[in-house]
Amino acid sequence: MNTMTGLRLLPWSDPEGRPCYLASDSDDSPLNRRADEIEALQLSMGTELLGHARALLGDRKADPRELRFLANRLCEALRDVLRVAESRGRRLHDEDGGQDES
């Protein structure tokens, strides 16, 4: 069992859009595993969306509504990926004792 020293930023928000955090004494808790699964899904969906974006942006006949829809989905994916990066960065910082390698 690995003891976590800080709060984990979860890959979802509350109904008002505020971040959710988890305090757990185990990296293998059910909620930690669920958060890991959702992070993996969000990253996978972002990768798939990027492929669709490249195809749509390469289509000179793309409709402005399609491009606006794409831009909104890309913003959502970027938000998710940034939250995953922030969460993982915090956990790396906690694992190394919060010390910089300078």
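Before you start, note that the model is predicted, with local features needing pLDDT of at least 70 and side-chain atom pairs counting only at pLDDT 80 or more, while totals for chains, interfaces and linings use all residues. Residues are numbered from 1 along each chain as its sequence is written, and side-chain values use heavy atoms, with hydrogens and water left out.

**Stop one: Arg8.** Select residues 8-13 to see strand 1, where Arg8 is found (strands are DSSP runs of E, at least two residues, numbered from the N terminus). Is Arg8 buried or exposed? Arg8 counts as buried because its relative accessibility is 1% (buried is under 20% relative accessible area, exposed over 50%, partly exposed in between, with a 1.4 Å probe and protein chains only).

Now show the side chains of Asn32 and Glu39. The Arg8 side chain makes a polar contact with each: 2.7 Å to the side chain of Asn32 and 3.3 Å to that of Glu39 (a pair of N or O atoms within 3.5 Å, one able to donate a hydrogen and the other to accept it; residues adjacent in sequence count only if both atoms are side-chain atoms). Beyond neighbours within four places in sequence, Arg8 is also in contact with residues including Cys20, Ser87 and Arg91 (heavy atoms within 4.5 Å).

**Stop two: cysteines.** Select Cys20, which counts as buried at 17% relative accessibility, then Cys75, which counts as exposed at 52%. The structure holds zero disulfides (cysteine sulfur atoms within 2.5 Å).

**Stop three: Phe69.** Select Phe69 with Arg73: the charged end of Arg73 sits over the Phe69 ring, 4.4 Å from its centre (for Arg, CZ within 6 Å of the ring centre and within 35 degrees of the ring normal).

Conventions:
Helix = DSSP H or I, 4+ residues; strand = E, 2+ residues; numbered from the N terminus.
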